[in-house]
Amino acid sequence: MSKTDVSRRGLLKTGALAGSGLALPTIFTAQSAHAYTNEPTGSSVTLGFNVPQTGPYADEGADELRAYQLAIEHLNGGGDGGMLNTFSSKALQGNGILGKEVKYVTGDTQTKSDAARASAKSMIEKDGAVMITGGSSSGVAVAVQALCQEAGVIFMAGLTHSNDTTGKDKRANGFRHFFNSYMSGAALAPVLANAYGKDRKAYHLTADYNWGYTTEEAVRSSTEAMGWETVAAVKTPLTQTDFSSYIAPVLQSGADTLILNHYGGNMVNSLTNAVQFGLRDKQVNGKDFQIVVPLYSRLMAKGAGANVKGIFGSTNWHWSLQDEGSKAFVRSFGTKYGFPPSQAAHTCYVQTLLYADAVQRAGSFAPCAVAEALEGYEFDGLGNGKTLYRAEDHQCFKDVLVVKGKENPTSEFDLLEIVEVTPVEQVTYAPDHPQFSGGALGTCNNGA
Amino acid sequence: MDAIILQILNGLDKGSAYALIALGLTLIFGTLGVVNFAHGALFMIGAFCAVTLSRILTLSHTVIDETKTDFLGNPLKVDVPYVHDIFGIAAGNAIIDWAVPLAILFAIPVMILVGVVMERGLIKHFYKRPHADQILVTFGLAIVLQEVIKYFYGANPIPTPAPAAFKGSFDFGAAIGFDPNLIIYPYWRIIYFLFATLIIGGVFAFLQFTTFGMVVRAGMADRETVGLLGINIDKRFTIMFGIAAAVAGLAGVMYTPINSPNYHMGMDFLVLSFVVVVVGGMGSLPGAVLAGFLLGVLESFASMREVIDIIPGINQIIIYLVAIIILLTRPRGLMGRKGVMED
């Protein structure tokens, strides 16, 4: 028979200590020997690419991943160098970042906030990623951005268009190159007024989630400022596939313009349904009925097929741009993969280069040093003309493209034509603009 | 009044899809006693039969057009479909244009084969297992099937338009004395409704007026007794599974011009179709059809702006709300019979 000296009180104390230790997130404890989270100490540095590899945006995620792989190749001195040759900053030399070879790990966001956070957390904790980037959804971007802020790593957002990403949900460790809902509205409204007149009655169908709300608000306020009247705005469930019951009443409302604040599968289906109902063949209030899609994506336009012809929208970038940066990127991407890059691919490629350049200029991977290097940074040669990473909200300010579905496409990629390059001044807003109010950047976090 | 007529029309075509899928589900449940959660995947495979045929018809060889350049500045490679070479450009284009209706002929044998293979290869092993096991295995199968489709066709929707002859919409309002443009309805949706009616009528006629159908109905009522009479009811039920798969597949084929098909479209319909089956009454074929149209119309009404303004969010819950009310007042559904799923 053995005797143990463990008392009940001692067991409880030990258990409580061990429990509280285990309960502390490893994110906040594991790197205590370093100056900041995941400080790279060897000859390489790891970046985390968090993109949708499954789910409805998997094709967009695949294009983002191609762009990231191309960026890594160029950063490490491979390929033709792409936009490194046209980038206004010459800090990057094609020898990695600060002389360290760039490696990467990938995560699958599944376009679900919880899955995206889990994959980002895994890349930070297990793979030692010093920066997280990617995504095709504002919900995901906001969730991962908050995680990166807590963890003390930089988040370079991928495709996220909601005002909130750099508005009420902005974070000091997060940066967005992609444009936003406000910019879409500000760029589109004058073009629409010019093409369709200032006396229009608009009917909005809006996806019932955060991005839909901010896009509707932005387009409404911009078009109403031009003289348009909004006769109705109807929320549609995100899971809706057949929009006929929402589209059929549009003509009865007296509206002569339908604005589809939808993205992805929602946009493909609502636009297809609207064209099926023959809305574009109708005359209302003595005018031809028109449809507008505020945010275009080439990959989504492909899904809608011929229905996009002649329909206005906005986009962050398009492969047909003729500036040297865009041409260099299209050449690199097209030669490697056999087709032109999407806007999602472009923003992800650029974000990787901008991060690497900021580290190089800062001389450190420390998030606060990188953030300081990015804040207020002006650059050119990356496809959108002169661009500013505004310090107040970490939003890039650059020209915005107004596009239209092409009437006579020459290939499956040639779906959109650029109608106007809206100058940056027209889409710039004050940091405290009402559409972006309610949040604070806070202070950057180095983690560790 | 015009708004009400419009929403009834809308509900009828939406209800057509629900009714066709629910009819297949009920056929399988009524004959084999299996709760088939892979039925939505059959709808999706049917849609991809149309996509596949469309791709077959547009199989092309490449011709270099020296007068134009591609995005890299190289001479443009132009795809020329083989059907242009075989039938000439005009006839070739007409064949490609009619890909969706032609896909009906393509989909029928494919879907019957898929259904029979599914039943013989997997589902027959679960006949005597609890319904929970059947649901799990068929749900798993549905996920596998949609991932296979995604692997080959990608995640983005694929536009599969209706023939040019059916583009545009019919001014229903003007035809019945209302102002023009008040009640418009796309030609293809009218075709879809008529097609669904034809298929539903065909299935009922097959069961009602053929010897095969009579045996199947007898088997649905009392499988054991039919077996004791020396009739191989299992073989007939397998064929019925194939027919149910074909019904779902044809619903999918004809749905492709309404919404561009994607790998997830089956799941979008599956849950609603199960609600339709339960509301109609488990095992009741007329109940499934009736509930399909009923819930389709109700869903359309709930999507009206005037209704949403009064009860926000009603458009998202109406079907489930009605299901709860019907099941509380008529626990066996609208046309359910005593003894079905009550053991």
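User: Is T166(A) buried or exposed?
Analyst: This is a predicted model, in which local features need pLDDT of at least 70, side-chain atom pairs count only at pLDDT 80 or more, and totals for chains, interfaces and linings use all residues. Residues are numbered from 1 along each chain as its sequence is written, while chains are lettered from A and ligands numbered from 1 in the order in which they are written. A residue is buried if 20 or more other C-beta atoms, placed from the backbone, lie within 10 Å of its own, exposed if 12 or fewer do, and partly exposed in between. T166(A) has 29 other C-beta atoms within 10 Å, so the residue is buried.

User: Which residues does T166(A) touch, not counting residues up to four places away in sequence?
Analyst: T166(A) sits in the loop between β4 and β5 of chain A; helices (H or I, at least four residues) and strands (E, at least two) are DSSP runs numbered from the N terminus. Two residues are in contact if their C-beta atoms, placed from the backbone, lie within 7 Å. With residues up to four places away in sequence set aside, T166(A) touches R176(A), N180(A), D393(A), H394(A) and Q395(A).

User: What distance separates the C-alpha atoms of T166(A) and N180(A)?
Analyst: N180(A) is among the residues that T166(A) touches. The two are 14 residues apart along the chain, and their C-alpha atoms are separated by 8.7 Å.

User: What phi does N38(A) have, although it is not a glycine?
Analyst: N38(A) is placed in the loop between α1 (8–23) and β1 of chain A. With 26 C-beta neighbours inside 10 Å, N38(A) counts as buried. Its phi is positive, at about 60°.

User: In which loop is T111(A) found?
Analyst: T111(A) is not a glycine, yet its phi is positive, at about 55°. T111(A) is buried, with 23 other C-beta atoms within 10 Å. This residue belongs to the loop of chain A between β2 (101–108) and α3.

User: How far apart are the end C-alpha atoms of helix α4 (residues 138–151) of chain A?
Analyst: The expected span of a helix is 1.5 Å times one less than its number of residues. For the 14 residues of α4 of chain A this should come to 20 Å, and the computed distance agrees, at 20 Å.

User: Against which elements do the buried residues of α4(A) pack?
Analyst: Of the 14 residues of α4(A), 12 are buried, among them V140(A), V142(A), V144(A) and L147(A). Just after the helix, G152(A) takes a positive phi of about 80°. The buried residues of α4(A) pack against these elements of chain A: β1 (44–51), α3 (113–125), β3 (131–134), β4 (154–157), β5 (174–176) and α6 (210–225).

User: What is the radius of gyration of chain A?
Analyst: Chain A has 13 helices and 17 strands, and 57% of its 448 residues count as buried. The radius of gyration is taken over C-alpha atoms, and the globule rule is 2.2 Å times the number of residues to the power 0.38. For 448 residues the rule gives 22 Å; chain A is close to this, so it is as compact as a globular protein of that length, with a radius of gyration of 24 Å.

User: Which element gives the largest share of the side of domain 1 of chain A that touches domain 2 of chain A?
Analyst: In the contact, 14 residues of domain 1 of chain A meet 15 residues of domain 2 of chain A. The elements giving two or more residues to the domain 1 side are α2 and α4 of chain A. The largest share, three residues, comes from α2(A).

User: Which element gives the most to the side of chain A that touches chain B?
Analyst: The contact takes 40 residues from chain A and 39 residues from chain B. Elements that give two or more residues to the chain A side include α2 (58–75), β7 (229–236) and α10 (324–337) of chain A. The most, five residues, come from α8(A).
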